[in-house]
Amino acid sequence: MMQVLNFPTYQFRMRTLTGVQQIFDVARKKWVVLTPEEWVRQHLLHFLHFEKQVPFSLMQVERKVLLNGMTRRTDVVIYNKEKRPVMICECKAPGVKLSQTVMDQAARYNITLQVPFLLISNGTEHFCCSIDVSNKLFSFLSEIPKYQLMCEFNG
């Protein structure tokens with residue numbers, strides 16, 4: 001049984017295949033191995049969809065980003081209806097402390113993607129900030145914005 005997280009309760013499709021527990025990823029539309037980080041990611045995807053009105057079709061999991069000549073993968077990128085990225089989400093396992101290092105990881109992805117919002121979560125804590133890319137300023141938000149506000153934000 002996975003740890004209870006600081007999210008509403010959602011119904012997940014789960015199965016065990018050859019002794020490995022799996023969860024159905026609603027964004028990728030496929031079964032994935034259920035790790036503690038994946039447990040957080042699936043909760044976050046459901047939260048963003050059901051509580052913040054982000055369409056599943058505009059969430060991309062494990063998007064490749066080229067950074068300093070190396071390929072990295074973001075946990076979740078949210079897009080507006082014009083397919084421009086508006087938020088990067090970095091998920092960690094519940095036992096991983098959210099630190100400046102974690103925020104820096106998400107910020108490095110933003111060098112390439114130039115989104116107005118960054119979100120980090122370990123399932124028990126969540127930090128979201130808005131980014132003013134042109135002035136290189138950020139401010140922490142008291143809550144994760146709804147999808148429409150994400151799409152309207154200009155930094």
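Phenylalanine 127 is found in strand β10, which spans residues 126-132; strands here are DSSP runs of E with at least two residues, helices are runs of H or I with at least four, and both are numbered from the N terminus. The model is a predicted one, in which local features need pLDDT of at least 70, side-chain atom pairs count only at pLDDT 80 or more, and totals for chains, interfaces and linings use all residues. Residues are numbered from 1 along each chain as its sequence is written, and side-chain values use heavy atoms, with hydrogens and water left out.

With a relative accessible area of 32%, phenylalanine 127 is partly exposed, a class that lies between buried (under 20%) and exposed (over 50%), judged with a 1.4 Å probe and protein chains only. Together with Phe138 and Phe140, Phe127 forms a nonpolar patch on the surface, with about 320 Å² of accessible area in total. Such patches are made of residues with over 30% relative accessible area and no salt bridge; nonpolar side chains (Val, Leu, Ile, Met, Phe, Trp, Tyr) are joined within 5 Å, and like charges within 9 Å. The areas come from the Shrake-Rupley method with a 1.4 Å probe, and for residues only the protein chains shown count as cover.

Opposite phenylalanine 127 stands isoleucine 120, and the strands β9 and β10 run antiparallel, joined by five bridges. Strands count as paired if DSSP finds at least two bridges between them. Four residues separate β9 and β10 in a hairpin, and glycine 123 in the turn has a positive phi of about 90°. Strand β9 (residues 117-121) is mostly covered, with five of its five residues buried. Phe117, Leu119 and Ser121 point one way from β9, while Leu118 and Ile120 point the other way.

On to the other neighbour of β9. Strand β8 (residues 85-91) runs parallel to β9 and is joined to it by five bridges, with methionine 87 having phenylalanine 117 as its bridge partner.

Salt bridges, eight by count, are defined by a side-chain nitrogen of Lys or Arg within 4 Å of a carboxyl oxygen of Asp or Glu. Arginine 41, which is buried at 3% relative accessible area, forms one with glutamate 62, the closest N and O atoms being 3.5 Å apart. A salt bridge also links arginine 41 to aspartate 75 (3.2 Å, N to O). Since arginine 41 lies in helix α1 and aspartate 75 in the loop between β6 (70-73) and β7, the pair ties together parts that are 34 residues apart in sequence. Both pairs belong to a network of salt bridges that links Asp25, Arg28, Glu38, Arg41, Glu62 and Asp75.
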